[in-house]
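Here is a short tour of one model, taken a topic at a time. Keep the viewer open and follow along.

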Amino acid sequence: MSDERRRLLASIESIVGSAHVAEHAALKIDGLSADLLVHPASADEVAACLRICSDEGAAVVPAGLMSWLESGNQLKRCDVVLSLDRMNRVIEYSPPDLTATVQAGLTLRELNETAASERQWLPLDPPGFGSASLGAIASCNSSGALRLGFGTPRDYVIGLKLAHVDGTQSKCGGKVVKNVAGYDMNKLYVGSFGTLAGITELTFKLRPLPDRSATVMITSKYRGPLFKLATDVLGSDFQPASVVLTRRLGVSIGAGWPDDALLIRFVDSEPAVESQLRQIGNLTGDGCKVRDLDEAEAFSVWKAVADFDSHKVQVRLSVLLSSVPAEFEKALLSQSECVATADIGAGIIRMAFDASHRNAVDLIKKLRRTTTCGSVFVEKAPAEVRREVDAWSDVGSTAELMRSIKNSFDPHSILNPGKFVHGL
Ligand SMILES: Cc1cc2nc3c(=O)[nH]c(=O)nc-3n(C[C@H](O)[C@H](O)[C@H](O)COP(=O)(O)OP(=O)(O)OC[C@H]3O[C@@H](n4cnc5c(N)ncnc54)[C@H](O)[C@@H]3O)c2cc1C
């Protein structure tokens, strides 16, 4: 270990204690070995570690449970991983206000277990299915199929506490639902992939827990009638929480999973769900089969929709709502051997497939050329693929704005260097 690294280790140990720092040569992110894995216990310790790393010019990866660190663009440097997994407390929960303030390392599942005792919930279902830390979910603005009915983390974060690279801390937003005058700075940090600051605490607004969740699966020999049904449902008085067309989802239900299936989920009061379930049958055309999924089947299906994690490459197309069917068919023409979902009400198509490095690069480039009404984000791909294609599509002139924001928050680029749009 070099003298600089020995000094870094000693300084960080003096903050968090030697039991909470490990020299961790086995921890590799994008092929880079992190020298140190650090587990701070408080926001003050996170801020102090960031200041030390900044003074020593060490690159820092802020982390939660470290399940999805190889996301976004390739890291350029990685010296210290700051995992907030010990910071997993509910700090303040106020059921009458429907708000909860938590440390960033708490998982979505843990928050929802606490909130369920008061019949409340944070209605998000991002990949990772509950086991993701809330700091990471906010940092990546990760959402899932409930996005249609309930929105994204950006809609639920009402306050943040942040640790900055100069060792200072700041707060934005607050602990009450109506609190923002002027710029809502939460929106800047949510979705910034841990490249501007470490999120140490979050305040969420919660929703009342609905009485009932029910999922119907509609199958047909052809995708056309399924897209039409989805469009009819979305254009009518129905209030579905999710409307997702799935292709070759690897779930085994009854006689197996059909090639194409439309999933419609209602999450509401008992009478509202019952009446919508009854009416769905009236909308389905000839050749469509409708099946109500039981609770266990629905759980497996939505888990599979959230996590495509058995494939090497995953991409997400964000497209105009009106062009979802056309873009979905185009994407399948480019790569028919894939698992795919189309979130028809949110305009999000996800594809997962296995491909050699060369083919994956070519395919992502082709998808970017052929997706005329939207953008293509690389959710997951081996490091050598992400070296050749930017995880984000071209963001045009906003890249300069993002660069200047990064420069003012992290002038020496020590936070997740290279990970964000255009390698920021
Ligand atoms: C099996 C699996 C598959 C996934 N697939 C997808 C996918 O396809 N698409 C998708 O969008 N998401 C995906 N995710 C990510 C998921 O939605 C969550 O964002 C992730 O699970 C977060 O969990 P974590 O605590 O392990 O985060 P980590 O892996 O620790 O961190 C994830 C990212 O968030 C940043 N971060 C974490 N904590 C903080 C913090 N406190 N402050 C600032 N930055 C922070 C990290 O720097 C990193 O960039 C997947 C997760 C899993 C487990």
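## Starting at the tail end

This is a predicted model, and we can begin with a residue near the end of the numbering. H422 is partly exposed, with a relative accessible area of 35%. You'll find H422 in the segment after α14. Its backbone is worth a look too: the phi of H422 is near 55 degrees, a positive value in a residue that isn't glycine. Most residues other than glycine have a negative phi.

## Another positive phi, in a loop

N141 also isn't a glycine, and its phi is positive, at about 45 degrees. N141 sits in the loop between α4 and α5. Is N141 buried or exposed? N141 is buried, with a relative accessible area of 17%, and the cut-off for that label is under 20%.

S142 belongs to the loop between α4 and α5 (147-150) as well. At a relative accessible area of 16%, S142 counts as buried. Setting aside residues up to four places away in sequence, S142 touches P126, P127, I137 and P153.

I137 is buried, with a relative accessible area of 3%. What does I137 touch, not counting residues up to four places away in sequence? The list is L108, L124, P126, A132, S142 and P153. P126 and P153 turn up among the contacts of S142 and in the list for I137.

Now jump to I405, in helix α14 (residues 398-409). I405 counts as partly exposed, at 23% relative accessibility. Leaving aside neighbours within four places in sequence, I405 is in contact with L188 and L196. For I405 and L263, 142 residues apart along the chain, the C-alpha separation is 40 Å.

## The second largest pocket

The second largest pocket holds about 970 Å³ of space. Which of its 30 lining residues are closest to the centre? They are W121, F129, S213, R265 and F299. By residue class, the lining of this pocket divides into 15 nonpolar, five polar and ten charged.

Several elements give two or more residues to the lining of the second largest pocket. On the helix side these are α3 (108-116) and α10 (295-306). The strands are β9 (120-121), β14 (212-219), β16 (260-268) and β17 (289-293). Which element gives the most? That's α3, with five residues.

C49 is buried, with a relative accessible area of 0%, and C78 counts as buried at 6% relative accessibility.

## The whole fold

Zooming out, the protein has 14 helices and 21 strands. Its radius of gyration is 22 Å, close to the 22 Å that the globule rule gives for 424 residues, so the protein is as compact as a globular protein of that length. Along the principal axes, the C-alpha atoms fill a box of roughly 75 × 55 × 40 Å.

What share of the 424 residues counts as buried? The figure is 53%. As for contacts between residues at least 6 apart in sequence, 71% of them join residues at least 24 apart.

Definitions and conventions:
Residues are numbered from 1 along each chain as its sequence is written. This is a predicted model: local features need pLDDT of at least 70, side-chain atom pairs count only at pLDDT 80 or more; totals for chains, interfaces and linings use all residues. Side-chain values use heavy atoms; hydrogens and water are left out. Buried means under 20% relative accessible area, exposed over 50%, partly exposed in between (1.4 Å probe, protein chains only). On a 1 Å grid over the protein atoms alone, a cavity is a set of points where a 1.4 Å probe fits but cannot get out, and a pocket is an open set with protein on both sides within 12 Å along at least five of seven lines; lining residues have an atom within 4 Å of a point. Grid points are joined across faces, edges and corners, and a volume is the space filled by probe spheres set on the points. Helices (H or I, at least four residues) and strands (E, at least two) are DSSP runs, numbered from the N terminus. Ala, Val, Leu, Ile, Met, Phe, Trp, Tyr, Cys and Pro count as nonpolar, Asp, Glu, Lys and Arg as charged, and the others, Gly among them, as polar. The radius of gyration is taken over C-alpha atoms; the globule rule is 2.2 Å times the number of residues to the power 0.38. Contact means heavy atoms within 4.5 Å.
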